[in-house]
Amino acid sequence: MTAFYGNITNESSFRANHITRMELPYEMYLEWEPSEKVKKIACNKKCAESLHTIFEQTLKTYGLNDIKTLKLDSFGGCLNIRKMRGGSAWSIHAWGAAVDLDPDRNRLKWGRDKASLAKKEYEAFWKIVEAEGWTSLGRKKNYDWMHFQAANL
């Protein structure tokens, strides 16, 4: 991750050299503060174009009304320089190469029996994500369905 996405140990240098603010093709909102609108996402420069394509294709495929109904506009985070929950390794979020969507209905330990993003109406979304080379932890490991990343497992 460091070799490809940059060294996160010097946070200010990392942010200055490797992070961009990508404009979204549709407005989102913060899951924990729905009145707070999200128009740009801080992410790694190396995956910004493919992430933009994911959201652009999502808008073309679903349309704004279905995006809102399915809560594909519920933003849970991208860049967050931190370790993995309960672990000592860096989270993929630390490099700005992971996104969480609709965390309230896709809790970390929920499997396909409970997670909303595991339902068939999201299949087109996951095909868009995977076509851009991103990985869904839910589809690969059956947990953390909110999370998809620009890195292999």
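Colleague: What is the handedness of the crossing of helix 3 and helix 4?

Modeller: In this predicted model, helix 3 and helix 4 cross in a right-handed sense.

Colleague: Why are helix 3 and helix 4 called roughly antiparallel?

Modeller: The two helices pack at an angle of about 150°, with their axes 9 Å apart. Angles over 145 degrees count as roughly antiparallel, and helix 3 and helix 4 are therefore given that label.

Colleague: Which residues make the contact?

Modeller: Helix 3 supplies Ile54, Gln57, Thr58, Thr61 and Tyr62, while helix 4 supplies Glu123, Ala124, Phe125, Ile128 and Val129. By class, the contact has six nonpolar, three polar and one charged residues.

Colleague: What makes Ala118 partly exposed?

Modeller: The relative accessibility of Ala118 is 26%. Buried means under 20% and exposed over 50%, so Ala118 counts as partly exposed. Ala118 lies in the loop between strand 4 and helix 4.

Colleague: How do you know that Ala118 touches Trp145?

Modeller: Contact means heavy atoms within 4.5 Å, and Ala118 has such contacts with Arg112 and Trp145, leaving aside residues up to four places away in sequence.

Colleague: Which residues have the most contacts inside the largest nonpolar core?

Modeller: Phe55, Leu72 and Phe148 do, in a core of 44 residues. Helix 3 gives the largest share, eight residues. Beyond four places in sequence, Phe55 touches residues including Met22, Ile41, Val99 and Phe148.

Terms used
Residues are numbered from 1 along each chain as its sequence is written. This is a predicted model: local features need pLDDT of at least 70, side-chain atom pairs count only at pLDDT 80 or more; totals for chains, interfaces and linings use all residues. Side-chain values use heavy atoms; hydrogens and water are left out. A nonpolar core is a set of buried Ala, Val, Leu, Ile, Met, Phe, Trp, Tyr and Cys residues joined through side-chain atoms within 4.5 Å. Buried means under 20% relative accessible area, exposed over 50%, partly exposed in between (1.4 Å probe, protein chains only). Helices (H or I, at least four residues) and strands (E, at least two) are DSSP runs, numbered from the N terminus. Axes are lines fitted to C-alpha atoms, for helices over the stretch in contact, and angles run from 0 to 180 degrees between N-to-C directions. Angles under 35 degrees count as roughly parallel, over 145 as roughly antiparallel, 65 to 115 as roughly perpendicular and the rest as oblique. A crossing is left-handed if the near helix is turned anticlockwise from the far one by less than a right angle, and right-handed if clockwise. Ala, Val, Leu, Ile, Met, Phe, Trp, Tyr, Cys and Pro count as nonpolar, Asp, Glu, Lys and Arg as charged, and the others, Gly among them, as polar.
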